Amino acid sequence: QMHIHTVGLLIISDWLSNYAAQLGFSYTEDIITLQRDGTYVPPAKSKPPIIRNASNDDLPRLVEVDHMAFVPPWQLSSNDLRQAKRIAATCTVATQDDTIIGYQLSTVFRKSGHLARLAVTPETQGKGIGSALLDQLIRQFSRRGVTTITVNTQSTNVKSQRVYAY
């Protein structure tokens, strides 16, 4: 009745694995959490892209970028992205020729930040856009006293792991 065809389950405790299998869930891939601690801020890049705060008017383009950067089931719907932006501590966009080519969306709880989403258009991936968004986020969090930042990614997503490991 609700037209739901796929449900994902993120298993954090092993005990849930047995029940998940009984309910028809099957293993797809591992999600890893990376964590950055400390107050070190990397040196600024010589020529970063233009980065600004996202506005509500940017939401349709953020959905486009998200759908270009991710495959199902990882794509966010317009409603999901609107809700995520609404509760985010920060949401910034990278632009090129006044066109949004990437964005990040993050949350904060006390002294900890979480990079909930980083998406860059496929044609601009590998050109430092994701790193520039991450650099700006680290600086912004540092000014707010955030000393720990986490991010989740798929164990198979080597590209994102390279961005986060610098």
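Hi everyone, let's start with W15: at 57% relative accessibility it counts as exposed, where exposed means over 50%, buried under 20% and partly exposed in between, with a 1.4 Å probe and protein chains only. Y19, at 46%, counts as partly exposed.

A word on the source: this is a predicted model, where local features need pLDDT of at least 70, side-chain atom pairs count only at pLDDT 80 or more, and totals for chains, interfaces and linings use all residues. Residues are numbered from 1 along each chain as its sequence is written, and side-chain values use heavy atoms, without hydrogens and water.

So what do W15 and Y19 form? They make an aromatic pair that is edge-to-face, 5.9 Å centre to centre with 75° between the planes. Rings of Phe, Tyr and Trp (its six-membered ring) pair if their centres lie within 6.5 Å, with planes under 30 degrees apart called stacked, over 60 edge-to-face and the rest tilted. About one helical turn separates W15 and Y19, because they are four residues apart in helix α1 (residues 15-22).

Another ring to look at is F70: R117 lies over its face, at 3.8 Å from the ring centre. That label needs NZ of Lys or CZ of Arg within 6 Å of the ring centre and within 35 degrees of the ring normal.

Definitions and conventions: Helices (H or I, at least four residues) and strands (E, at least two) are DSSP runs, numbered from the N terminus.
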